[in-house]
Amino acid sequence: GSGSSQYFDGYLTTSTDSIASSGVYIDMILDVQREIDTSYYTHIAGTAAVEIDVADRYLVEGRITFNQTTGNSRSESNMRLVIDTGSGFTEVPGTLGYIYHRNNTQGSGTVSISCVLSLNPGDQIKIQAQRVSGAATLAFVENACSLSIITFRGQKGLDGAQGPTGSGSTI
């Protein structure tokens, strides 16, 4: 990567994934990489997980939009950010968000999460979602689901001018 472009930004444009049963998380696939600094991140388009290649603190932002495609019953869904540090994916505390779906004509909803994480090389993160209650079939909405990851490392600026020599201390 060069300069201050140490970020990943991916989103979903084509989805055949839908949720027809409650209590089963499914991965949000990222089929488009809008931006990727390949010295900081590894991701294969069409997969969900993004692997971190450089230890640092990162801002992670995720967003999903679900639409109720069938069923005329009230339903609820949620999303979460999950991380795998080498022992399998687990939920990142504080990243659970919920959507209420009224019926198949008023069934779209969006939830976003953001958090700051200290990540290490080999850590993988992704977004998952599930239907929590109700009987509706829910589907990811194309061009309305994304994951962005930004390092706080940034580019170091130029050194400033040398200051005047001090006069010493009498303390």
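Modeller: Cys145 is buried, its relative accessible area being 0%, where buried stands for under 20% relative accessible area, exposed for over 50% and partly exposed for what lies in between, with a 1.4 Å probe and protein chains only. This is a predicted model, in which local features need pLDDT of at least 70 and side-chain atom pairs count only at pLDDT 80 or more, while totals for chains, interfaces and linings use all residues. Residues are numbered from 1 along each chain as its sequence is written, and side-chain values use heavy atoms, with hydrogens and water left out.

Cys115 is likewise buried, at 14% relative accessible area. A disulfide is taken as a pair of cysteine sulfur atoms within 2.5 Å, and by this rule there are zero disulfides. The closest cysteine sulfur to that of Cys145 belongs to Cys115 and lies 18 Å away, which is too far for a bond.

Turning to the strands, these are DSSP runs (E, at least two residues; helices are H or I, at least four), numbered from the N terminus, and two of them pair if DSSP finds at least two bridges between them. Strand S7 (residues 56-70) runs antiparallel to S11 (residues 109-119), joined by 11 bridges, with Leu59 opposite Val116 of S11. S7 is also antiparallel to S14 (residues 146-151), through six bridges, and here Gly62 has Leu147 as its bridge partner. Four bridges pair S7 with S13 (residues 137-140), again in the antiparallel sense, and Phe66 is partnered there by Phe140.
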